[in-house]
Amino acid sequence: MARGILQASIQNRGLVLDPRTKLVMLFDIALFVLGSAGGGSVEPLVPILCAMPAVLMLSAKKWKGAATYLLVYLLSWLTYTQLVPLTKGAVNFILLGCSGMLSRFLPGIAMGGYLVSTTTVSEFTAAMLRLHLSEKIIIPLSVMFRFFPTVMDEAASINAVMRMRGIYMGGKNVGKMLEYRLVPLMTCCVKIGEELSAAALTRGLGGEVKRTNICKIGFHIQDYLLFVVCLIPYAVWIMGRVL
């Protein structure tokens, strides 16, 4: 069931991008949004980078994810820029910490979610081989690449079953949430990790012979356009340092 949900999610991925393009965009968001690289010269471009995950999710018809991301990000950004300067003391500290962390971390998390949900393991592996990375890096990443989506699907299934039994926040059996939700999820995590590791080795990722891949990846016009968008902050950063 979980595998079917993952395949359906991957097939409905909208704009087709090379995995390396997605990785470059994720790196840009981590560098300039989370890391605040470039300082004030790149700051005007940060909203554009923050909007890219929402645009890509909308292209993949992930309406709920895009709407949730935009709503939470806008609320955190407005709190950080408008409400925080009006408060003092402990309230200011709490609002500053929560809104600052959300506005910095959320774009990278959203972009990472889009990368994982719209890229198959074969595409990711082929992209990593094109980058001439070692299999010591490719195999763990390939396992982790499908670990988190599978765990999320299992968690959703466990939550649905527990809600039928009245075990949820606001229900009659709130105290049992830790035992009946967390323990099964931890057991599923162990089993999923073992199964994905075995699947990776079965596919020949750990073999001595060079593995072939029929998955076709490559750069297209949309990839080049996004590369230009990703290069603009670097150009502005360099110009700001030179001038």
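Reader: Which helix supplies the largest share of the lining of the largest cavity?

Author: In this predicted model, the largest share of that lining, three residues, comes from α2.

Reader: How should I read a cavity in general, and how many of 30 Å³ or more does a search of the whole structure find?

Author: Rolling a probe the size of a water molecule over the atoms shows where empty space is left. Here, a search of the whole structure finds one cavity of 30 Å³ or more, and the largest cavity has a volume of about 30 Å³.

Reader: Which residues line the largest cavity, and how is the lining divided by class?

Author: The lining is made by Met 25, Asp 28, Ile 29, Leu 49, Met 52, Val 229 and Cys 230. Sorted by class, six of these residues are nonpolar, none is polar and one is charged.

Reader: Let us turn to charged pairs: how many salt bridges does the structure hold, and are the partners buried or exposed?

Author: A salt bridge is read from a side-chain nitrogen of Lys or Arg within 4 Å of a carboxyl oxygen of Asp or Glu. The structure holds one salt bridge, in which the side chains of Arg 20 and Asp 18 meet at 2.9 Å, N to O. Buried means under 20% relative accessible area; Arg 20 therefore counts as buried at 13%, and so does Asp 18 at 2%.

Reader: My last point concerns the backbone: where do Ser 36 and His 132 lie, and what is the phi of each?

Author: Ser 36 lies in the loop between α2 and α3, and its phi is near 55°, a positive value in a residue other than glycine. At 34% relative accessibility, Ser 36 counts as partly exposed. His 132 has its place in the loop between α6 (121-130) and α7 (135-164); the phi of His 132 is near 60°, again positive in a residue other than glycine, and at 72% relative accessibility His 132 counts as exposed.

Key: Residues are numbered from 1 along each chain as its sequence is written. This is a predicted model: local features need pLDDT of at least 70, side-chain atom pairs count only at pLDDT 80 or more; totals for chains, interfaces and linings use all residues. Side-chain values use heavy atoms; hydrogens and water are left out. On a 1 Å grid over the protein atoms alone, a cavity is a set of points where a 1.4 Å probe fits but cannot get out, and a pocket is an open set with protein on both sides within 12 Å along at least five of seven lines; lining residues have an atom within 4 Å of a point. Grid points are joined across faces, edges and corners, and a volume is the space filled by probe spheres set on the points. Helices (H or I, at least four residues) and strands (E, at least two) are DSSP runs, numbered from the N terminus. Ala, Val, Leu, Ile, Met, Phe, Trp, Tyr, Cys and Pro count as nonpolar, Asp, Glu, Lys and Arg as charged, and the others, Gly among them, as polar. Buried means under 20% relative accessible area, exposed over 50%, partly exposed in between (1.4 Å probe, protein chains only).
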